[in-house]
Amino acid sequence: FNAQLAVDAQTQLIAAVAITHNGSDMGQMSPMHSNILQRYGVTPEHWLADGGFTKLQAIDELTVRGTQPVLPPPRSRNPDIDRLAPKDTDSPAQAQWREFMRSDFAKALYIQRGATVECANAQLRRRGLHRFNVCGIAKARAVLLWHALAHNLMRMRSLNIAFEA
């Protein structure tokens, strides 16, 4: 199974989870973004993700929805090619994304990913979620949801967010 998390950068609370049979993260960014839009009715200004999520179609989809993707362009096999330079085959959204990723602002924003999503991933691993010892995607999703709930409750306590009945 491949577990996906959407984490709020300010609070490090897990906002959404997904689980797939796909071993790659590529192709998972747009569905998770749609999940956030549907669940919360909010369009995030920026979407931080690691390079494993880079799929050019998703760059177009997030841009159309009003979110600026913040993730590194894929490396070229040719070391002489600048991966941040717009390509002739890029859509306008993809060319804009590459230009954005050149900026100091984008680089500083991308650094935050390590202290947010990666921190939440590390916390789940620290609490024992290394692999799913259940059969079936529904049970694996339930395990992931329990871990996300426990993470969020502990995070809310550390942020002094009051629990209301």
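Is Gln 12 buried or exposed? Select Gln 12 to begin: this residue is buried, with a relative accessible area of 16%, where buried means under 20% relative accessible area, exposed over 50% and partly exposed in between, using a 1.4 Å probe and protein chains only. The model is predicted, so that local features need pLDDT of at least 70 and side-chain atom pairs count only at pLDDT 80 or more, while totals for chains, interfaces and linings use all residues. Residues are numbered from 1 along each chain as its sequence is written, and side-chain values use heavy atoms, with hydrogens and water left out.

Remain at Gln 12 and display the backbone. Its phi is positive, about 65°, although the residue is not a glycine. Gln 12 sits in the loop between strand E1 (2–7) and strand E2 (14–20); helices (H or I, at least four residues) and strands (E, at least two) are DSSP runs numbered from the N terminus.

Next, select Asn 160, in the segment after helix H6 (137–158). Here too phi is positive in a residue other than glycine, near 60°. Asn 160 is exposed, with a relative accessible area of 70%.

Now select residues 56–64 and 92–102, which are helices H2 and H3. They pack at an angle of about 95°, with their axes 9 Å apart; axes are lines fitted to C-alpha atoms, for helices over the stretch in contact, and angles run from 0 to 180 degrees between N-to-C directions. H2 is therefore roughly perpendicular to H3, a term that covers angles of 65 to 115 degrees. On the H2 side, the contact (heavy atoms within 4.5 Å) is made by Leu 56, Gln 57, Ile 59, Asp 60 and Thr 63. H3 contributes Ala 93, Gln 94, Trp 97 and Arg 98.

Proceed to the largest nonpolar core, which has 20 residues. Such a core is a set of buried Ala, Val, Leu, Ile, Met, Phe, Trp, Tyr and Cys residues joined through side-chain atoms within 4.5 Å. Met 29, Trp 47, Leu 71 and Met 101 have the most contacts inside it. Helix H1 (29–40), strand E3 (46–48), H2, H3 and helix H4 (104–115) each give two or more residues to this core. Centre on Met 29: leaving aside residues up to four places away in sequence, Met 29 touches Trp 47, Ala 49, Phe 53, Ala 58, Ile 59, Leu 62 and Leu 71.

Finally, select Val 7, Val 117, Phe 132 and Leu 144, which are among the 13 residues of a second, separate core.

Conventions
Parallel < 35°, antiparallel > 145°, perpendicular 65-115°, else oblique.
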